[in-house]
Amino acid sequence: MSVKDVLQSLVDDGMVDTDRIGTSNYFWAFPSKALHARKRKLEELQKQFSEYCQRKKSLEESIEKSKIGRQDTAERTALAKELAALQQKKAHLKGEIDKYTECDPDVVEEVRQANTVAKEAANRWTDNIFAIKSWAKRKFGFEDNKIDKAFGIPDDFDYID
């Protein structure tokens, strides 16, 4: 049984080939197959290596090209400080604008539309509740106050104006 397991693991690893001929299973392994597999793997790795070397070379060249004109000078340092100051000022002004967004006419209109939608939805649900109460009264003969008490509906329950 252990030979069978060992053979199966070798077949799974691709080190041994197998074929079923009739009622027999035949296993074989050619030394040249492993050699060819290693050669193919080596060629593939060498090809990848050469591609990566070319890519590295092109990246190094682009780094050198981008360094031209970027030497640290007093003017560049001053411009970098000015840029940082302007970015900080922009963030501060954006914060100021965010404080007053609630007074923005667009935002106010959106809130009004959202309120209208919410009011319509509340009235629709109220209408549904009244319809179910009416159905329960007709179907089962319940009184309004018993239905309200059973389902926790308040006495002042009505449409939103």
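Reader: Which helix does Glu 109 lie in?
Author: Quick housekeeping: this is a predicted model, where local features need pLDDT of at least 70, side-chain atom pairs count only at pLDDT 80 or more, and totals for chains, interfaces and linings use all residues. Residues are numbered from 1 along each chain as its sequence is written, and side-chain values use heavy atoms, with hydrogens and water left out. Helices here are DSSP runs of H or I with at least four residues, strands are E runs of at least two, and both are numbered from the N terminus. Residues 105–140 make up the one holding Glu 109, namely helix H4.

Reader: How many bridges join strand E1 to strand E2?
Author: Two strands pair if DSSP finds at least two bridges between them. E1 covers residues 17–21 and E2 residues 24–28, and they run antiparallel. Asp 17 stands opposite Trp 28 in E2. The bridge count for E1 and E2 is five.

Reader: Which residue in the turn of the E1 and E2 hairpin has a positive phi?
Author: Two residues sit between the strands of that hairpin. With phi at about 70 degrees, the one you want is Gly 22.

Reader: What separates the C-alpha atoms of Glu 61 and Lys 137?
Author: Glu 61 belongs to helix H2, residues 31–67. Along the chain, Glu 61 and Lys 137 are 76 residues apart. Their C-alpha separation is 86 Å.
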